[in-house]
Amino acid sequence: MPGNIRLIIGPMFSQKTTCLTGYIHRYRSIGRTVLVVNHASDVRYGRNSLCTHDGTSVPCRMRHDLQGLRNEPDYADASSIFIEEGQFFDDLAPFCKDAAGLDGKEVIVAALVATFDRKMFPSVAELIPYADHIEHRTALCCVCRDGTPAPFTKRTAAIEGCLVGGSESYAAVCGLHHGSPHRD
Ligand SMILES: Nc1ncnc2c1ncn2[C@@H]1O[C@H](COP(=O)(O)OP(=O)(O)O)[C@@H](O)[C@H]1O
Ligand SMILES: Cc1cn([C@H]2C[C@H](O)[C@@H](COP(=O)(O)O)O2)c(=O)[nH]c1=O
């Protein structure tokens, strides 16, 4: 049976990980063998788990790369592969294409839609044309606080570059409260 690629994208706090853990629990309940992978840089919640912002955690493998997984026994055994923090894996697109196209796996990826300054993550941009299904989620604007959708992540900490973190460093906001207009 051919595999497929499902991509869940959105800003931080948009329930990407909640969706991923929901799928994992449902699949396990019907006896599907799953392999769950998070990026090794995501040490926010310990070294062998992924965790939602409201505290649901799932044990997982932590890795810097994905392609190396294809030689491992737990990959061979799994029919569904779950990837958390997809934006951090440089080999995200080649892995998903091989896993789905060559190995017949169902691949479910949670990834940020954009950086805090509205730039694409290259590995996510590379994957989008190959995704069979894309779910684009939003959070709720934490400035409006009235249910206004928040499609963007704002960095609230004054640090440059890639920064692993949570609500101490980032917030989900609407376009108005992101502070940058829809142009460069
Ligand atoms: N601004 C916000 N909008 C919506 N949910 C928020 C917000 N800030 C914190 N949360 C919490 O974050 C949870 C989502 O966490 P999670 O699934 O880990 O999101 P993501 O993986 O997209 O960062 C929500 O269920 C809610 O409890
Ligand atoms: C917006 C943005 C985020 N990050 C980091 C911060 C977190 O460690 C992850 C996103 O986690 P989540 O599961 O989506 O909550 O990415 C970053 O490095 N750069 C950014 O621009």
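A residue counts as near a molecule if one of its heavy atoms lies within 4 Å of it. The model discussed here is predicted.

Q: What makes a residue one of the 18 around ligand 2, and which come nearest?
A: The test is a heavy atom within 4 Å of the ligand. Of the 18 residues around ligand 2, the nearest are Lys16, His53, Glu85, Phe116 and Gly165.

Q: Why is the pairing of His53 with ligand 2 called a polar contact?
A: A polar side-chain atom of His53 lies 2.7 Å from an oxygen atom of ligand 2. The limit for such a pair of N or O atoms is 3.5 Å, so the pair qualifies. The side chain of Glu85 has an N or O atom 2.8 Å from an oxygen atom of ligand 2, and a polar side-chain atom of Tyr170 is 3.4 Å from a nitrogen atom of ligand 2. The protein covers 98% of the 490 Å² of accessible area that ligand 2 has on its own.

Q: How is the shell around ligand 1 divided by class?
A: The shell holds six nonpolar, six polar and two charged residues. Its largest share, three residues, comes from α1.

Conventions: Residues are numbered from 1 along each chain as its sequence is written. Chains are lettered from A and ligands numbered from 1 in the order in which they are written. This is a predicted model: local features need pLDDT of at least 70, side-chain atom pairs count only at pLDDT 80 or more; totals for chains, interfaces and linings use all residues. Side-chain values use heavy atoms; hydrogens and water are left out. Helices (H or I, at least four residues) and strands (E, at least two) are DSSP runs, numbered from the N terminus. Ala, Val, Leu, Ile, Met, Phe, Trp, Tyr, Cys and Pro count as nonpolar, Asp, Glu, Lys and Arg as charged, and the others, Gly among them, as polar. A polar contact is a pair of N or O atoms within 3.5 Å; within protein, one must be able to donate a hydrogen and the other to accept it, and residues adjacent in sequence count only if both atoms are side-chain atoms. Accessible areas come from the Shrake-Rupley method with a 1.4 Å probe; for residues, only the protein chains shown count as cover.
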